[in-house]
Amino acid sequence: MTTTVLGGRGFIGRHVVARLQAQGHACWVPERDDPSLFIRPLGQVIYCIGITANFRTQPFATVDANLGVLRQVLERATFDQLLYLSSTRVYDGADSTDEGAPLRVQPGWPDHLYNLSKLMGESLALSSGRPCRVARVCNVIGPGMGPTNFVGALLHAAHSNGAVQFQTALASVKDYVWIDDAVEALLAIAQRGVEPIYNIATGQPMRHAALAQMLAHHGVAVSVAADAPVVQFPPVAVQRLQRDTGTLPRPVAPLLSAWLASYLSNPKEHA
């Protein structure tokens with residue numbers, strides 16, 4: 001069966017395509033606004049279109065990326081199954097990160113525009129009457145991520161300036177997942193998932209202090225902005241993913257440390 005990867009030229013999408021091709025699967029990455037998207041059978045669809053790092057300054061583009069093509073595909077395209085990539089950011093303010101837990105959103109908060117658009121995408125996919133699943137993915141890192149998000153920007157600054165400044169306190173906590181593990185989990189959900197929603201995370205958040213220590217170990221000067229806020233996300237529940245697919249992403253600290261050393265010695269290799 002063909003797999004159609006929408007957003008297949010982005011960070012996650014590129015790695016999904018590479019893994020599928022390495023496994024010998026037929027894979028199609030349509031061009032933007034390709035009219036044949038609504039003519040030919042798409043097989044399995046993996047929806048990787050999205051804006052992450054710059055969503056605060058691109059509200060219209062963010063909503064369009066998270067919803068625009070999705071709505072058209074659900075309404076007009078022929079496919080066997082669709083997997084929509086959402087985000088664990090939707091748990092911001094929630095009491096639980098279980099996939100079935102109630103969520104809290106504040107329409108007046110700029111950060112929650114992203115959450116709301118992702119949740120609308122989830123709701124549209126799961127309410128469309130079409131065969132769809134959702135993967136809520138945490139912060140994906142690894143080679144090829146570029147300098148636009150938090151870890152990528154730190155590495156870029158570390159190489160360019162030999163110094164980084166954290167804009168959030170070192171007590172801040174995030175869950176990161178390595179790109180190869182994220183791709184493995186996505187394909188496992190597409191092939192073996194039985195529930196409508198799955199989290200993809202390690203379940204073991206990492207403190208900014210650990211990242212700062214890695215950078216300092218490699219000779220990078222580390223500072224923290226004055227009055228830097230503490231940003232903490234609760235551990236993401238991963239029991240459903242492990243139970244149904246037998247997949248569990250690895251803790252990223254050893255992988256990140258090795259990548260950091262390699263990146264600082266030769267950043268072009270990891271562009």
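1. Strand β4 is covered on both faces: Q81, L83, L85 and S87 on one side, and L82, Y84 and S86 on the other, are all buried. Buried here is under 20% relative accessible area, exposed is over 50%, and partly exposed is in between (1.4 Å probe, protein chains only). Strands (E, at least two residues) and helices (H or I, at least four) are DSSP runs numbered from the N terminus.

2. A word on the source: this is a predicted model, where local features need pLDDT of at least 70 and side-chain atom pairs count only at pLDDT 80 or more, while totals for chains, interfaces and linings use all residues. Residues are numbered from 1 along each chain as its sequence is written, and side-chain values use heavy atoms, with hydrogens and water left out.

3. Back to β4 (residues 81-87): seven of its seven residues are buried, so the strand is largely enclosed by the rest of the structure.

4. Now its partners. Strand β3 (residues 44-47) pairs with β4 in the parallel sense over four bridges, with I46 opposite L83. Strand β5 (residues 132-137) also pairs with β4 in the parallel sense, over six bridges, and there S87 faces V137. Pairing takes at least two DSSP bridges between the strands.

5. As for the nonpolar packing, the largest core has 52 residues, and V16, V151 and L186 have the most contacts inside it. Helix α5 (residues 179-192) gives the largest share, eight residues. Apart from that core lies another of 17 residues, including L70, L82, C132 and I197. A nonpolar core is a set of buried Ala, Val, Leu, Ile, Met, Phe, Trp, Tyr and Cys residues joined through side-chain atoms within 4.5 Å.
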